[in-house]
Amino acid sequence: MSGFLTRIKQFTRTPQGQRAIASARRAAADPRKRAQARTLLGRLRGRR
């Protein structure tokens, strides 16, 4: 498991990782995207 976390940390330090982080932050700031994410998580957890 620690190898997996190390790989994630390494990815976040790359330019591609930085772009992914920026994209996720923009999506998290958008109310419609937040609602979509909340709906999806509810479905995955078994709540509808």
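These are my notebook entries on a predicted model of one chain.

**Ground rules.** I number residues from 1 along each chain as its sequence is written, and I keep to heavy atoms for side-chain values, leaving out hydrogens and water. Since I am reading a predicted model, I ask for pLDDT of at least 70 for local features and count side-chain atom pairs only at pLDDT 80 or more, while totals for chains, interfaces and linings use all residues.

**Confidence.** I looked up pLDDT, the predictor's confidence in each residue, from 0 to 100, and found that the chain averages 92, with 96% of the residues scoring at least 70. Confidence is highest in α2, at 95, and lowest in α3, at a mean of 92.

**Layout.** I took helices (H or I, at least four residues) and strands (E, at least two) as DSSP runs, numbered from the N terminus. The chain has three helices and zero strands, so that I read its elements as α-α-α from the N terminus on. Along the principal axes, the C-alpha atoms fill a box of roughly 35 × 25 × 10 Å.

**Surface.** I used accessible areas from the Shrake-Rupley method with a 1.4 Å probe, where for residues only the protein chains shown count as cover. The chain exposes about 4,700 Å², and carbon and sulfur atoms supply 55% of that area. Calling a residue buried under 20% relative accessible area, exposed over 50% and partly exposed in between (1.4 Å probe, protein chains only), I find that buried residues make up 4% of the 48 residues.

**Helix α1.** I checked L5, which lies in helix α1 (residues 2–12), and it counts as partly exposed because its relative accessibility is 44%.

**Helix α2.** I then turned to Q18, found in helix α2 (residues 15–29) and partly exposed because its relative accessibility is 44%. Taking contact as heavy atoms within 4.5 Å, and leaving aside neighbours within four places in sequence, I see Q18 in contact with T12 and R13. Between Q18 and T6, twelve residues apart along the chain, the C-alpha separation is 16 Å. A27 also lies in helix α2, and with a relative accessible area of 32% it is partly exposed.

**Helix α3.** I compared the span of helix α3 (residues 31–45) with expectation: at 1.5 Å a residue, its 15 residues should span 21 Å, and its end C-alpha atoms are 21 Å apart, which agrees. The expected span is 1.5 Å times one less than the number of residues. R32 lies in this helix and counts as exposed because its relative accessibility is 67%; R32 and A20, twelve residues apart in sequence, are 19 Å apart from C-alpha to C-alpha. After α3 I noted G46, whose phi is positive, near 95 degrees.
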